[in-house]
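Open the structure in your viewer and keep the selection tool at hand. Each stop below says what to select and what is there.

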Amino acid sequence: MVAEALKLDNVTKSFSGTEIIRGLNLGINENERHAVIGPNGAGKSTAYNLITGRYEVTSGKIFLKGQDITNLQPYEVKRKGLSRSFQITNIFPKMSVFENVRCSLLWAMDYKYSFWHLVGKQKALNESAEKIIEDLNLKERRDTLAGVLSYAEQRALEIGITIAGGSEVILLDEPTAGMSVSETEYIVGLIRKVTEGKTLVVVEHDMGVVFDLADRISVLVYGEIIATGTPIEVKENKAVQEAYLGAALEEEH
Amino acid sequence: MPSQTTSTISFSSLVPWLIAALVLCVMPFIFTGGGSITIMNQIGITIVLAMSYNMLLGQGGMLSFGHAVYMGLGGFVAVHVMNIVENQEIWLPLPLLPLVGGLVGLGFATIIGSFSTRKAGTVFAMISLGIGELIAACCIIITVFFGGEEGISGDRTMAPPTFGVEFITQKEVYFLIAFWVLISTFLMYLFTQTPVGKMANAVRDNPERAEFVGYSMRWVRYVSFCAAGFFAGIAGALFAINFEILTEQNLNLGASFTVLLATYIGGVGFFLGPIVGAILFTLLQTVIGLQTDLWALYTGVVFILMVMFMPAGLTGLFAMHIIPWQLGRIGMLIKPYSKIFIPGTIFIVGAVCLTELINHVRHHGDEEFMTLFWVEFNTRSIVPWGVFIIFTAVGFWFSRALAVEVKEAWGNATFVEGVRR
């Protein structure tokens with residue numbers, strides 16, 4: 001059997017005695033686009049934080065392509081080929097757009113803690129950075145400080161930093177939160193383009209985006225997955241409708 | 001391995017360095033006095049130290065209260081090596097001594113950094129403070145190595161001559177220091193352009209995100225810390241060569257605060273900031289220090305004002321003017337600036353004279369006359385008191401009134417439709 005790109009095996013997490021994640025089981029296939037939905041406070045961001053080593057898991061195991069990554073440090077998880085974005089924009093505000101992207105490429109391109117390479121002279125590195133900026137549609141903002149970009153541009157850069165370095169598994173946390181319709185379209189198009197051929201997990205509240213983007217959907221309610229399946233299967237699932245989707249879909253219309 | 005570089009270092013990128021080298025060569029022929037060469041030597045040493053400090057504070061976001069430790073330890077070992085060389089137990093030409101100091105600084109930074117860089121912020125600052133106190137205390141206790149309160153001294157001229165130069169005169173030492181200032185500054189600049197130098201900025205800006213792009217923030221800080229220790233050690237050895245003596249004063253908290261002040265006044269956000277700071281601070285210390293006992297007070301006031309009103313430092317103040325310059329509106333600022341210059345100067349002169357007068361009466365009360373700004377007057381008379389108070393008050397009042405105009409002119413000179421600043 002081919003190992004799943006990402007697998008959570010009965011993962012739990014408690015904060016000072018309260019169980020926030022209660023036995024999370026999730027399997028993400030390779031090259032699929034998987035959406036995780038659920039009401040606020042269901043534990044979606046917490047799950048991301050557990051996978052990426054920001055929090056320690058209380059019990060259970062997490063596997064990346066069959067490799068145990070439970071409780072590794074964030075940088076170790078990244079080095080193993082998993083990269084994430086953040087719900088609240090998390091960029092390098094005092095560096096230019098170009099520097100933001102270039103820094104995100106350094107480890108993946110094997111520069112490690114080098115103090116004997118001059119970044120300006122590294123042709124492949126700079127070309128990759130330029131290419132990503134072009135993909136992000138941020139060419140005109142190349143030398144602008146990331147901190148003064150518009151919100152949508154910062155969200156785009158956030159995705160750029162996440163995908164730079166070619167991680168095979170990408171976790172996006174509410175990439176379109178707080179965006180207008182046209183900005184959402186731009187970001188969704190961008191996500192499609194830059195995650196081509198990769199495994200994508202996306203937490204999202206905008207159901208339009210979710211059903212548009214995802215191959216499969218998992219519904220997370222109170223720290224547990226109550227359903228996983230194709231968009232149609234999930235939409236028709238009774239438990240899902242009761243717990244979450246009914247309300248969410250009504251809100252849309 | 002990363003792909004190979006494609007081009008060699010271009011000539012145009014070397015131009016600023018060649019100019020700097022030229023300036024350094026010409027300086028001792030412009031300022032020929034023995035005193036000025038001594039000051040320039042001191043400036044050179046402070047530049048290397050402040051630049052190395054900025055690798056921590058400006059580039060890496062690490063606030064250290066104990067950076068002088070690495071300079072001091074490098075310096076102490078350098079003096080010992082100087083004495084060993086004098087006894088002809090080892091052969092080492094003087095110009096290579098800074099390398100020894102650098103390696104000592106690097107060595108200690110490697111040890112101390114291994115635990116102090118685990119956390120940034122308050123934890124790092126507190127550990128640096130503790131280490132600073134600890135080493136300073138050791139300095140007094142371990143007399144065999146540090147020589148107690150008198151410190152230890154050496155003789156640089158006893159080293160084997162380098163191409164016939166024995167480094168007897170200050171001018172010869174000047175060129176040695178200038179050489180190392182240039183080399184160190186150049187290397188520190190290159191460091192900012194390396195992967196780890198870039199990541200130091202990233203960790204400073206957003207340590208968490210840096211971890212999510214694959215870098216351990218701790219290791220990034222550690223590498224910067226070691227590099228900063230290396231260059232501080234070089235500064236220490238230069239100090240040893242220039243002054244031929246090192247004492248506890250060179251590595252205690254006072255010395256660490258001095259470098260913090262100098263770097264901050266120059267501007268931590270800019271590569272050139274510490275150079276500006278080192279020059280200005282050393283001049284304040286030496287030139288003004290000769291004129292008045294109160295130089296430390298003035299430095300303190302300048303520091304507080306900088307922190308409050310110009311957190312980007314002097315270099316930041318210059319950099320601010322690039323925008324109106326590019327917009328071609330720098331002319332709009334000349335008039336309001338020159339208008340505020342006169343009352344501003346009157347205020348500063350008044351306040352300084354008043355401070356000096358109070359200090360004089362307080363500490364030299366038996367001397368009836370004092371001289372300020374080449375004018376001698378009687379401190380017992382009411383006239384100087386009145387004049388200084390009026391200067392201060394009137395200067396302050398007019399400066400405040402005109403500050404509104406400056407602010408307005410600044411707004412006009414930098415205003416661009418739709419751009420937030």
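Helices (H or I, at least four residues) and strands (E, at least two) are DSSP runs, numbered from the N terminus. This is a predicted model, where local features need pLDDT of at least 70 and side-chain atom pairs count only at pLDDT 80 or more, while totals for chains, interfaces and linings use all residues. Residues are numbered from 1 along each chain as its sequence is written, and chains are lettered from A and ligands numbered from 1 in the order in which they are written.

**Stop 1: chain B**

Select chain B. Its secondary structure comes to 17 helices and four strands. The C-alpha atoms fill a box of roughly 65 × 65 × 45 Å along the principal axes. Of the 421 residues in chain B, 41% are buried (20 or more other C-beta atoms within 10 Å of the residue's own, with C-beta atoms placed from the backbone; 12 or fewer is exposed, in between is partly exposed).

**Stop 2: the core**

Which residues touch the most other members of the largest nonpolar core? Select B:Val48, B:Met199, B:Phe231, B:Ala235 and B:Leu238: they do, in a core of 166 residues. A nonpolar core is a set of buried Ala, Val, Leu, Ile, Met, Phe, Trp, Tyr and Cys residues joined through C-beta atoms within 7 Å.

Center on B:Phe231. Leaving out residues up to four places away in sequence, B:Phe231 touches B:Val48, B:Met51, B:Ser52, B:Gly102, B:Ser184 and B:Met188. Contact means C-beta atoms, placed from the backbone, within 7 Å.

**Stop 3: a hairpin**

Select residues 369-372 and 375-378 of chain B. These are strands β3 and β4, paired in the antiparallel sense over four bridges; pairing takes at least two DSSP bridges. B:Phe369 has B:Asn378 in β4(B) as its bridge partner. The two strands form a hairpin with two residues between them, and B:Phe373 in the turn has a positive phi of about 50 degrees.

**Stop 4: chain A**

Switch to chain A. Here there are nine helices and ten strands. The C-alpha trace spans about 60 × 40 × 40 Å along its principal axes. Of the 253 residues of chain A, 45% count as buried.

**Stop 5: helix α1 of chain A**

Is helix α1 of chain A, residues 44-51, largely enclosed or open? Six of its eight residues are buried, so the helix is largely enclosed by the rest of the structure. Select the buried ones: A:Lys44, A:Ala47, A:Tyr48, A:Asn49, A:Leu50 and A:Ile51.

Terms used:
Two residues are in contact if their C-beta atoms, placed from the backbone, lie within 7 Å.
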